[in-house]
Amino acid sequence: MSAQSCDITLIVNDETVRATVEARKSLVDFLREDLALTGSHVGCEHGVCGACTVRVDGVIVRGCLTLAVQCNGARVETIEGVSDAGEIADLQAAFEQRNALQCGFCTPGMLLTAQELLQSGGVPSREKIREHLSGNYCRCTGYQAIVDAIEAVAQARAGGKR
Amino acid sequence: MKPAPFAYAKARSLDEAIALLGEHSDSARLLAGGQSLLATLNMRLSAPRLLIDITGIAGLDRIARKGGKIEIGALVRHAQAERDKEIAAHAPLIALALPHIAHPAIRNRGTLGGSIAFADPAAELPACLLALNGEVEITGVKGRRTVKADDFFKGLFETALGSQDILTAIRLPAATKDTRFGFAEFARRHGDYAMVGLAASGRADGKGLADVRLAFFGIGATPLRAKKAEAALAGGKLDAAIKALSGDLAPPDDLQATGAVKMHLAGVLLKRVAGQLSEQRS
């Protein structure tokens with residue numbers, strides 16, 4: 001009934017994955033080490049930096065504060081899957097155009113976090129964008145360019161719908 | 001860092017979870033959203049031998065109005081509560097506090113019951129529960145019991161929960177047209193734990209306020225009521241209430257600020273929150 005390692009079945013980027021994992025293994029370590037999905041990064045490992053952000057059942061979570069074993073039966077999406085699906089192509093282009101990344105360590109988490117805000121619709125204020133990104137550290141850009149990129153995409157997406 | 005090894009069990013019922021707690025009394029921890037617990041395990045601040053995942057237990061993720069109370073199941077997640085119309089309408093203090101709690105990715109997983117049970121002295125929800133004169137439903141070996149918020153928080157990360165107890169719900173008095181509430185905190189970064197915070201409620205009584213409850217957080221071992229300041233504020237004396245805080249609170253220095261700075265900030269927060277309390281509810 002209880003075990004140090006557990007068998008799990010989950011869907012990662014639309015593929016069914018079966019694995020045996022140590023109970024203590026975080027979701028982000030499982031994705032990186034067992035599945036070689038290294039787009040999600042490991043930073044602080046206690047929920048502060050946001051570099052490990054991935055989606056579980058459609059919402060963003062901290063990959064370091066979620067155990068792989070808790071994701072048995074869940075649908076997990078990483079930056080690799082979301083990028084390949086083309087879902088955030090406009091956001092990625094805007095980040096590149098506005099120099100919203102330098103070293104790129106925070107970028108996968110930034111993109112997934114920004115996409116969740118953009119999916120809620122409308123054009124959020126810059127203050128709202130900053131608030132939503134408050135759990136994602138960037139040590140290169142000073143955030144200004146990231147906010148610019150997200151704001152531009154929000155405006156473009158809203159314009160496209162009119 | 002990585003946590004020390006532990007075993008994992010997913011409980012399918014409260015009875016099963018309580019039985020597992022009994023078998024592993026001091027070496028097991030309950031796992032719900034995990035947003036505080038897993039951070040402390042990663043930092044190896046604690047090393048339980050077993051995590052009992054209670055998120056598969058049915059019926060603990062509901063929000064319902066029962067009589068004059070709002071009952072929030074222990075497994076309701078912060079993001080779910082943020083979207084909930086019952087909470088917006090009948091527990092507006094909770095709605096006001098939720099956006100201050102951590103960040104969106106953490107609110108997507110963290111549970112309200114977990115936050116109350118963990119009882120971090122700098123956390124928002126324990127103070128809200130105290131300010132609202134709420135209560136906690138606990139399920140244990142002998143069945144269910146209810147503990148008032150005033151009796152629930154015992155010390156630093158210590159609560160009325162025993163080793164085989166599970167917090168199953170919190171209940172708050174539903175707001176009426178006379179209910180007043182206020183919330184403010186100082187944090188270095190939006191979503192961080194507060195340096196000092198204040199959750200407050202009261203009842204409009206003519207032009208004044210009655211039943212004022214001021215619950216400060218980040219300022220002691222538990223969320224703390226400032227009872228002398230409550231009395232002064234109910235008498236309409238804001239300046240006296242701010243002065244009275246020095247008799248109610250004795251904040252120790254911590255990593256974020258000295259006790260003197262926290263004391264000053266508590267007064268600033270009281271002034272802001274008193275303004276919110278005196279505004280009419282729209």
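A residue counts as buried here if 20 or more other C-beta atoms lie within 10 Å of its own C-beta atom. The legends below refer to a predicted model.

**Figure 1. Strand E3 of chain A is covered on both faces.** Strand E3 of chain A comprises residues 53–56. In a regular strand the side chains alternate between the two faces of the sheet. A:Thr53 and A:Arg55 lie on one side of E3(A), and A:Val54 and A:Val56 lie on the other. These four residues are all buried.

**Figure 2. Strand E3 of chain A pairs with strand E4 and with strand E5.** E3(A) runs antiparallel to strand E4 (residues 59–62) of chain A, and four bridges join them. Within this pairing, A:Arg55 has A:Ile60 in E4(A) as its bridge partner. The two strands form a hairpin with two residues between them. In the turn, A:Asp57 has a positive phi of about 50 degrees. E3(A) also pairs with strand E5 (residues 75–77) of chain A, again in the antiparallel sense, over two bridges. In that pairing, A:Val56 stands opposite A:Val76 in E5(A).

**Figure 3. Domain 1 and domain 2 of chain A are in contact.** Chain A is assigned domain 1 (5–82) and domain 2 (88–161). Taken over C-alpha atoms, the centres of these domains are 22 Å apart. Domain 1 of chain A gives 13 residues to the contact, and domain 2 of chain A gives twelve residues. On the domain 1 side, E3 and helix H2 (79–84) of chain A are the elements that give two or more residues. The largest share of that side, three residues, comes from E3(A). By residue class, the domain 1 side has seven nonpolar, five polar and one charged.

**Figure 4. Chain A as a whole has six helices and five strands.** Along the sequence the elements follow the pattern β-β-α-β-β-β-α-α-α-α-α. The radius of gyration of chain A is 16 Å, close to the 15 Å given by the globule rule for 162 residues, so chain A is as compact as a globular protein of that length. Its C-alpha atoms fill a box of roughly 50 × 35 × 25 Å along the principal axes. Of the 162 residues in chain A, 47% are buried. Among contacts in chain A between residues at least 6 apart in sequence, 58% join residues at least 24 apart.

**Figure 5. Chain B touches chain A.** The contact involves 26 residues of chain B and 27 residues of chain A. On the chain B side, the elements that give two or more residues are strand E1 (7–10), helix H2 (37–42), strand E3 (50–53) and helix H6 (104–107). The residues of this side of chain B divide into 15 nonpolar, seven polar and four charged.

**Figure 6. Strands E4 and E5 of chain B form a hairpin.** Strand E4 (residues 63–66) and strand E5 (residues 69–73) of chain B pair in the antiparallel sense over four bridges. B:Lys66 has B:Lys69 in E5(B) as its bridge partner. Two residues lie between the strands of this hairpin, where B:Gly67 takes a positive phi near 60 degrees.

**Figure 7. An open sheet of four strands in chain B has the order E11-E12-E13-E14.** The pairing in this sheet is antiparallel. Strand E11 (179–186) and strand E14 (224–225) of chain B stand at the edges with a single partner strand each, so one side of each has no neighbour in the sheet. Strand E12 (residues 196–205) and strand E13 (residues 208–217) of chain B are joined over eight bridges. B:Ala199 stands opposite B:Ala215 in E13(B).

**Figure 8. Helices H10 and H12 of chain B lie across strands of the sheet.** Helix H10 (residues 227–234) of chain B lies across E13 and E14 of chain B. The helix runs at about 150 degrees to E13(B). Helix H12 (residues 259–278) of chain B lies across E11, E12 and E13 of chain B, at about 30 degrees to E12(B).

**Figure 9. Chain B is divided into three domains: domain 1 (7–53), domain 2 (63–173) and domain 3 (179–277).** The centres of domain 1 and domain 3 of chain B, taken over C-alpha atoms, are separated by 34 Å. Along its principal axes the C-alpha trace of chain B spans about 55 × 45 × 35 Å. Of the 282 residues of chain B, 51% count as buried.

Notes:
Residues are numbered from 1 along each chain as its sequence is written. Chains are lettered from A and ligands numbered from 1 in the order in which they are written. This is a predicted model: local features need pLDDT of at least 70, side-chain atom pairs count only at pLDDT 80 or more; totals for chains, interfaces and linings use all residues. Two residues are in contact if their C-beta atoms, placed from the backbone, lie within 7 Å. Ala, Val, Leu, Ile, Met, Phe, Trp, Tyr, Cys and Pro count as nonpolar, Asp, Glu, Lys and Arg as charged, and the others, Gly among them, as polar. A residue is buried if 20 or more other C-beta atoms lie within 10 Å of its own, exposed if 12 or fewer, and partly exposed in between; C-beta atoms are placed from the backbone. Domain bounds come from an automatic or database domain assignment. Two strands pair if DSSP finds at least two bridges between them. Axes are lines fitted to C-alpha atoms, for helices over the stretch in contact, and angles run from 0 to 180 degrees between N-to-C directions. The radius of gyration is taken over C-alpha atoms; the globule rule is 2.2 Å times the number of residues to the power 0.38.
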